Amino acid sequence: MEHNLEGMTIPKHVALILDGNGRWAKKRGLPRSMGHKEGCVTVEKTVEIAARMGIEYLTVYGFSTENWKRSEEEVGALMQLFRFYMVRLLKVASANNIRVRMIGDRTRFAQDIIDGIHRLERETRDNTGLTFVIAVNYGGRDEITRAVCRLAADCVKGRQNAADITQEVLESYLDTAGMPDPDLLIRTSGEIRLSNYLLWQLAYTEIYVTDCLWPDFNREELEKAILAYNKRDRRYGGVKA
C-alpha cells in the first residue's frame with residue numbers, strides 16, 4: 001500500500017543500515033550469499049525510488065571495517081558480488097543521472113576493486129541527480145581517526161594552525177566532506193544500534209528502525225519512514241518558543 005506524501009517534507013539526505021540479509025536467506029533455507037545478492041537488488045530499486053522521490057543524498061552501509069571478521073568464504077563471496085554490482089551500478093547511475101561516491105578506506109581491497117571504485121566515481125561525477133554514497137570498508141571511528149591523522153600531518157607541514165581548528169575544519173577532512181549530514185537514518189531488521197556508522201554525521205539525525213529485513217524493503221517501507229520523520233520535532237538541542 002502506497003502512502004500519500006503530498007505536503008510532506010522529503011529528507012534531503014537519508015542514510016541506511018542494510019541489516020537482515022543473512023536472516024532473510026536463513027528463513028528460506030538459502031546460503032547467506034543469496035541474501036546479500038537479493039540485498040543488492042533491493043539497493044538498486046531503493047536508489048531509483050529515492051531519486052524519484054526527490055531525495056538528494058542516499059548513503060548505504062555496504063561493508064564495514066568489522067565485516068572482515070566474517071568467514072573467509074562469506075567475505076570472498078561479498079567481494080565477488082561487489083565486483084559484479086559495480087558494473088551494474090554504472091549502468092543504473094548513467095540511466096538515472098545518479099552520481100556515485102564511495103566513503104571508507106578503500107586501500108584494503110584488491111586492485112581491480114579499487115580501480116572499479118575510481119571508475120564509478122569518475123564516470124558519474126558530472127551527473128546532477130541523486131548522489132548515491134556507498135560506505136565500503138567503512139567505520140565511523142576509523143573515519144575520524146584517518147581524518148585526525150591527515151589534519152595533524154597538515155599542522156606539522158604548516159598547512160593548518162592547531163589554534164584555528166574548528167568543527168568545520170575537521171569535517172573537511174572526513175570522508176563525507178562537502179555533504180550535508182543525514183536527516184534520517186533507517187535501520188532494517190529491528191536492531192537498535194549505530195554499528196559504528198557515521199558517528200560524527202549522525203549527531204542530530206532522526207532514527208527510524210523497522211523489523212523489515214533488508215531484502216524485503218520497498219517503496220512502502222521507505223514511505224513509512226518518511227511519514228514517521230515528518231512527525232518528529234527537530235530542535236537540534238534548542239527549545240522552541
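Where in the chain does S195 lie? S195 is placed in the loop between β5 (184-187) and β6, where helices (H or I, at least four residues) and strands (E, at least two) are DSSP runs numbered from the N terminus. The model is a predicted one, in which local features need pLDDT of at least 70 and side-chain atom pairs count only at pLDDT 80 or more, while totals for chains, interfaces and linings use all residues. Residues are numbered from 1 along each chain as its sequence is written, and side-chain values use heavy atoms, with hydrogens and water left out.

**Helix packing**

- Two packed helices are described by the angle between their axes and the distance between the axes.
- Helix α3 (residues 72-95) packs with helix α4 (residues 111-124) at an angle of about 15°, their axes being 10 Å apart; that makes α3 roughly parallel to α4, a label for angles under 35 degrees, whereas those over 145 count as roughly antiparallel, 65 to 115 as roughly perpendicular and the rest as oblique.
- Axes here are lines fitted to C-alpha atoms, for helices over the stretch in contact, and angles run from 0 to 180 degrees between N-to-C directions.
- The axes of α2 and α3 come within 10 Å and cross at roughly 25°, and α2 and α3 are therefore roughly parallel to each other.
- As for handedness, α3 passes α4 in a left-handed crossing, whereas α2 passes α3 in a right-handed crossing; a crossing is left-handed if the near helix is turned anticlockwise from the far one by less than a right angle, and right-handed if clockwise.

**Salt bridges**

- Side chains of opposite charge can pair when their charged atoms come close.
- The structure holds 17 salt bridges, each being a side-chain nitrogen of Lys or Arg within 4 Å of a carboxyl oxygen of Asp or Glu.
- One of these joins E44 to R88, with the closest N and O atoms 2.7 Å apart; because E44 lies in helix α2 (residues 32-53) and R88 in helix α3, the pair ties together parts that are 44 residues apart in sequence.
- E44 is buried, with a relative accessible area of 15%, while R88 counts as partly exposed at 35% relative accessibility; buried means under 20% relative accessible area, exposed over 50%, and partly exposed in between (1.4 Å probe, protein chains only).
- D112 forms a salt bridge with R83, the closest N and O atoms being 2.6 Å apart, and this pair links distant parts of the chain, with D112 in helix α4 and R83 in helix α3, 29 residues apart.
- D112 counts as partly exposed at 42% relative accessibility, and R83 likewise counts as partly exposed, at 26%.
- The side chains of R232 and E206 meet in a salt bridge (3.1 Å, N to O); R232 lies in the segment after α7 (219-230) and E206 in strand β6, so the pair ties together parts that are 26 residues apart in sequence.
- R232 counts as partly exposed at 31% relative accessibility, whereas E206 counts as buried at 15%.
- Salt bridges that share partners join D19, R23, R187, E191 and R193 into one network.

**Backbone phi values**

- Most residues other than glycine have a negative phi, and most peptide bonds are trans.
- S195, although not a glycine, has a positive phi of about 55°, and S195 counts as partly exposed at 28% relative accessibility.
- The C-alpha atoms of S195 and Y61 are separated by 9.8 Å, although these residues are 134 residues apart along the chain.
- N137, also not a glycine, has a positive phi of about 45°; N137 is found in strand β4 (residues 131-138) and is buried, with a relative accessible area of 4%.

**Nonpolar surface patch**

- I192, L194, L199, I207 and V209 make a nonpolar surface patch of about 410 Å², with accessible areas coming from the Shrake-Rupley method with a 1.4 Å probe and, for residues, only the protein chains shown counting as cover.
- Patches are made of residues with over 30% relative accessible area and no salt bridge, like charges being joined within 9 Å and nonpolar side chains (Val, Leu, Ile, Met, Phe, Trp, Tyr) within 5 Å.
- V209 is placed in strand β6 (residues 206-209) and is partly exposed, with a relative accessible area of 32%.
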